[in-house]
Amino acid sequence: IQPPLDLFAAIQDLKRDLNAVILAHYYQEPDIQDIADYIGDSLGLSQQAASTEAEVIVFAGVHFMAETAKILNPQKQVLLPDLAAGCSLADSCPPAEFAAFKAEHPGHIVISYINCSAEIKALSDIICTSSNAVKLVQQIPPQQPIIFAPDRNLGRYVMEQTGRDLVLWQGSCMVHETFSERKLVGLKTLHPEAEILAHPECETAVLRHADFIGSTTALLNYSGRSDRQTFIVATEPGIIHQMQKQMPDRTFIPAPPLNNCPCNECPHMRLNTLEKLYWAMKNRAPEITLPEPTRLAALQPIQRMLAMSH
Ligand code: 13P
Ligand code: SF4
């Protein structure tokens, strides 16, 4: 069967019929961002998922995000347009290896970045996102040792900001590790007035050139209040759609990738399309499911994060 010609109208109709809400991350393609009810960073998306009254949550993002929505809403149906939309960072932390790593560090509490599987969340004490990681670590008594997983780049950034010594799991995001420091410096030379905005998943070599570091929402908000005309953006370029909408007269340049990488789009995020979103709502599949014991164990550290983020 062919999809309808006007996908926007068809999706709006389905949204009404299903009593659905569409939550989208900034790394989704522009059409998906434009039809979403809420666009946000991982913290904002999980807060929306925790408070929505809709019966069906259509999650335009990657698997761990939709899974978090399901952990918070076991009674609701959570749809993901493409179940294969994973995350290289989440994949870099397999549960069995992480359980062994945790056993090698008795007495440590585990703070895990939300970019991990439900199994890793279940092995964690507190979940964090890029917008609250520094604040949450600062709330832990100084004598309490901490394992930080899975992103070593965010972990190093948190260490630098808090002065704490964290035991880091050595995971990373394939997208944020593709930026070239050499090319970034070259681009800055061509645009000396530009501000460099970077996500803390980037490597230290890139972060040290940044004028502002933050989560996707923080980067968007910063670009809205800066008086500069030009910005170099070191994160997935999907965010530029919102930056450009917010500030149409400004110039946003994606930070350049290494020579062998054609672009910095996240191959996982970009698996979702408007057409797949339509079919997911029409077929009410693919749906996120997870075993109840895992869900319950993963819920606690997420609830701790939400309580500590107020
Ligand atoms: P935030 O939107 O929370 O900054 O996360 C970025 C990211 O990599 C999501 O996969
Ligand atoms: Fe995962 Fe990186 Fe893609 Fe975010 S941008 S979903 S961290 S691979």
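**Entry 1**

I started with the UniProt "binding site" annotation from an unreviewed entry, which covers C87, C173 and C266. They span 180 residues in sequence, yet no two of their C-alpha atoms are more than 9.4 Å apart, so they gather at one spot. A reminder to myself: UniProt positions are in the numbering used here, feature names are shortened, and annotations may be inferred rather than shown by experiment.

This is a predicted model, so local features need pLDDT of at least 70 and side-chain atom pairs count only at pLDDT 80 or more, while totals for chains, interfaces and linings use all residues. Residues are numbered from 1 along each chain as its sequence is written, and chains are lettered from A and ligands numbered from 1 in the order in which they are written.

I looked up C173 and found it in the loop between β8 (166-168) and α10 (181-190). (Helices, H or I with at least four residues, and strands, E with at least two, are DSSP runs numbered from the N terminus.) Is C173 buried or exposed? C173 is buried, as 25 other C-beta atoms lie within 10 Å. The cut-offs: 20 or more other C-beta atoms within 10 Å is buried, 12 or fewer is exposed, and in between is partly exposed, with C-beta atoms placed from the backbone.

C173 is in contact with S88, L89, D151 and E201, if I skip neighbours within four places in sequence. (In contact means that the C-beta atoms, placed from the backbone, lie within 7 Å.)

C266 sits in the loop between β12 (251-254) and α14 (274-283). C266 also counts as buried, with 22 C-beta neighbours inside 10 Å. Not counting residues up to four places away in sequence, C266 touches Y27, V175 and E236.

**Entry 1: the other "binding site" list**

E201 lies in the loop between β9 (195-198) and α11 (204-207), and is buried with 25 other C-beta atoms within 10 Å. Which residues does E201 contact, leaving aside neighbours within four places in sequence? I got S130, D151, N153, L154, C173 and H176. So C173 turns up again, as its own contacts include E201.

I114 is in the loop between β5 (109-113) and α7 (118-122). With 25 C-beta neighbours inside 10 Å, I114 counts as buried. Among the residues I114 touches, not counting those up to four places away in sequence, are S42, F64 and T68.

Helix α4 (residues 63-72) packs against helix α15 (residues 292-308) at about 95°, with the axes 9 Å apart. (Axes are lines fitted to C-alpha atoms, for helices over the stretch in contact, and angles run from 0 to 180 degrees between N-to-C directions.) That makes α4 roughly perpendicular to α15, a label for 65 to 115 degrees; under 35 is roughly parallel, over 145 roughly antiparallel and the rest oblique.

Most residues other than glycine have a negative phi, and most peptide bonds are trans. I noted some exceptions. A cis peptide bond joins A149 and P150, with omega about -15°. Another cis bond joins A285 and P286, with omega about 0°. N19 has a positive phi near 50°, and N19 is exposed with 10 other C-beta atoms within 10 Å.

Conventions: Two residues are in contact if their C-beta atoms, placed from the backbone, lie within 7 Å.
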